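Open the model in your viewer and keep the selection tool at hand. Each stop below says what to select and what is there.

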Amino acid sequence: MKSRWYRWLFVVAAIVVLTFGLRACFFDDGLADIEPQEAIDAELTLQSVTLEQPDEDGTLLWRLKAESVNYIPDTQRADLIQLEGEFFQAGEVIYTVEANEGEVLQNGNTLFLRGDLVATGRENELTLEGEKLKWLPKRDLLVMGEFEDSDEFEDAPASELTPDETTNLSTNDELTPDALQLLESTPPLTSDKAPVTGFNPQIKAVARIVKVNNKENRVELTGGVSAESKESPWLLFQSDSLLWFTDREIIEANQPLKVEQFDSDQYELVTDRLVGNKGQVELAENKVTLSEAVQLDSLTQPLTVKSKQAVWEVEAERVVMAQPVDIEQPERQITAQANRAELDLAEQVIVLAGDVKAVGKENDSRLAADSVTWQTTTQQIQAEGNVSYQQADDPDISIAGPRATGNLETGIVVIEGGESGEVVTEIIPDGF
C-alpha cells in the first residue's frame, strides 16, 4: 500500500500539470512544447499546504502546515517555509512544533526543521527551544542542537540503577580530572546562547544536543549541560551528559556531576556544593546521591568533606556519608577523620562515628573517640567511647576516659569518668 505521502504527491503532480497547461495557452506559445512528464519532473511550489505522513497501517506520524512548499522529485524532498504542526505517537499528538523552515526526506521518514524552533510536549510538559531539529518518527526519536544532518543517533540505554543501588557504587578514592574541573568552575546558565534550551515545571536546562525518546520519557542532554530548578530549593546541576527521566522525575549522570545550592532564585550566591564522579538526583524528593569519590563544600562555614559516597537530603539540609570521611576546616586549622559522618547543614553540626580522630593545629591537640558530635562554628565537641586527648603545647598533657566535652579550637577538654568510669591523666613537666 502506498503511503499518504505518495498519494499527496500524485495529487500535487496532477495539479501542476494542469497549471502548466493553462499558463502555456495564455502567456507563452513556447511553453506549449513542454511535455507532461517534463512538467512533473520540474520543481513544484504550492502555497498554504498541509502535509501528513501515516505509517503502513495508516496511523498518522506527523502533520505540518506551511506557508509554502517546494517539492523536488529527483531527491523526493520537500522544502517548507514558515511551518507549524504536530508529531504523533500511536495516533495521539505528543509534540506541537513551530519553525521558520523545514525539509521532508526519505518519503516522510525524516524531518529537519530549522530556525526559531519551539517543540512543546503534550503530556510530559517539556518545551524545547533551539535552531535545529531532527525527527525520526518510526524510531520515536527527536534530536535538537548542534548536529550534522548526516549524523546517525543511537538511543541511549535506560539506566538500570535504582536510587539505593547508586549509593553502593564504589570504588575510586579520588575525583576524576573532569570532576575537578567541574569543581573549579561555575559557568552561568546561558540559555540565550545555548544551542538547546529545555524546560518543564520543575527544571530548566541547556545543552549542545538534546535527544528525546517519548515512549520511555527519557531526555538525554550532552555537551556543557547545565540545569537549574524552577522552585525552591534552588539547585544547579552541571555535567557533560545527563539522563533526565521526566515521568520518574530523576536525573542521572554516569560521569562527573556537580550539584550546587543557591540562596535564592537569582542563582548568585552558592551555599553548598557537592561533586562526585557519578550520581543521581531525585527531583520530587530533592535528594542527591553521588558516588565513586565525592567532595562536599559547605561554603558558609567554610568546611570541606571528602568520601567515597554521599546522600544529600536537600530540604532537610542533611548529608549522610556512610564511607570513611576526611574533613577540613582550613580557617580554623582543624581536621578530622571517621568511618562515617552525618552533617546537619542548618545547625552546622557533624556527628562522626567509628575510629574518630580530630587534630587542632593551634594547640597541637589530638582527640580520639568512638563517636563525636561536633559544632563546627563554636568548635564545641561531645565525645563518647574510648576517649583520649593529647596536647603537645604547654602544658604537655594526655587524658583518657569514657566521655569528654570541650573545644577543639581552644584545647580545653574535660574528661568525664561517670560512676564506674576511670579517668587517666598524664602531665609531662617541662624538661622531661
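Start with a definition: a residue is buried under 20% relative accessible area, exposed over 50%, and partly exposed in between. R332 has 28% relative accessibility, so R332 counts as partly exposed. Keep that scale in mind throughout. The model is predicted.

**Whole chain**

Show the chain as a cartoon. It has 4 helices and 27 strands. Now colour by burial. Of the 432 residues in the chain, 48% are buried. Take the contacts in the chain with a separation of 6 or more: residues 24 or more positions apart account for 45% of them.

**The largest core**

Select F87, F237, L352 and W374. These are the residues with the most contacts inside the largest nonpolar core, which has 86 residues. Another core, of 7 residues, lies apart from it; F112, L136, L141 and F147 are among them.

Now centre on F237. What does F237 touch, beyond residues up to four places away in sequence? The list is I203, V225, S226, A227, I251, L257, K258, V259, V281 and L283.

**Helix α4**

Select residues 177-184, which form helix α4. Pick out A179, L182 and L183, the buried residues of this helix. Look down the axis of α4. The buried residues fall within an arc of 100 degrees, so they line one face of the helix. An α-helix has 3.6 residues a turn, so residues three or four places apart point the same way.

Turn to the face of α4 that points away from the buried side. P177, Q181 and E184 are exposed there. Then show what covers the buried residues of α4: the cover includes β12 (234-245), β14 (257-262), β15 (270-282) and β16.

Move to strand β16, residues 287-298, and select D297. D297 is buried, yet D297 has no salt bridge. How far away is the nearest side chain of opposite charge? That side chain is R273, at 4.3 Å. A salt bridge needs a side-chain nitrogen of Lys or Arg within 4 Å of a carboxyl oxygen of Asp or Glu.

D297 does have polar partners. Its side chain makes a polar contact of 2.7 Å with the side chain of T304. Another, of 3.1 Å, joins the side chains of D297 and Q295. Show the surroundings too. Leaving aside neighbours within four places in sequence, D297 is in contact with L183, T271, D272, R273, L303 and T304. L183 is one of the buried residues of α4 from the previous stop.

**Salt bridges**

The structure holds 15 salt bridges. Visit these:

- R77 and D79: the closest N and O atoms are 2.9 Å apart. R77 is partly exposed, at 26% relative accessibility.
- R248 and E252: the closest N and O atoms are 3.9 Å apart. R248 is partly exposed, with a relative accessible area of 37%, whereas E252 is buried, at 3% relative accessibility.
- E409 and R332: the closest N and O atoms are 3.3 Å apart. The pair links distant parts of the chain, 77 residues apart. E409 sits in the loop between β25 (396-407) and β26 (413-416), and R332 in the loop between β19 (325-329) and β20 (334-338). E409 is partly exposed, with a relative accessible area of 29%.

Then select E52, R63 and E86 together. A network of salt bridges links them.

**Backbone stops**

Select S232 and P233. A cis peptide bond joins them, with omega about 0 degrees. P233 is in the loop between β11 (218-229) and β12. Go on to Q301 and P302. A cis peptide bond joins this pair as well, with omega about -20 degrees. P302 lies in the loop between β16 and β17 (303-313).

Where does Q82 lie? Look in strand β3, residues 77-89. Q82 is not a glycine, but its phi is positive, about 50 degrees. Q82 is partly exposed, at 37% relative accessibility.

Finish at Q333, in the loop between β19 and β20. Q333 is not a glycine either, and has a positive phi of about 55 degrees. Its relative accessible area is 37%, so Q333 counts as partly exposed.

Notes. Residues are numbered from 1 along each chain as its sequence is written. This is a predicted model: local features need pLDDT of at least 70, side-chain atom pairs count only at pLDDT 80 or more; totals for chains, interfaces and linings use all residues. Side-chain values use heavy atoms; hydrogens and water are left out. A nonpolar core is a set of buried Ala, Val, Leu, Ile, Met, Phe, Trp, Tyr and Cys residues joined through side-chain atoms within 4.5 Å. Buried means under 20% relative accessible area, exposed over 50%, partly exposed in between (1.4 Å probe, protein chains only). Contact means heavy atoms within 4.5 Å. Helices (H or I, at least four residues) and strands (E, at least two) are DSSP runs, numbered from the N terminus. Lys and Arg count as positive and Asp and Glu as negative; His and the chain ends are not counted. A polar contact is a pair of N or O atoms within 3.5 Å; within protein, one must be able to donate a hydrogen and the other to accept it, and residues adjacent in sequence count only if both atoms are side-chain atoms. The arc is that of the directions from the helix axis to the C-beta atoms.
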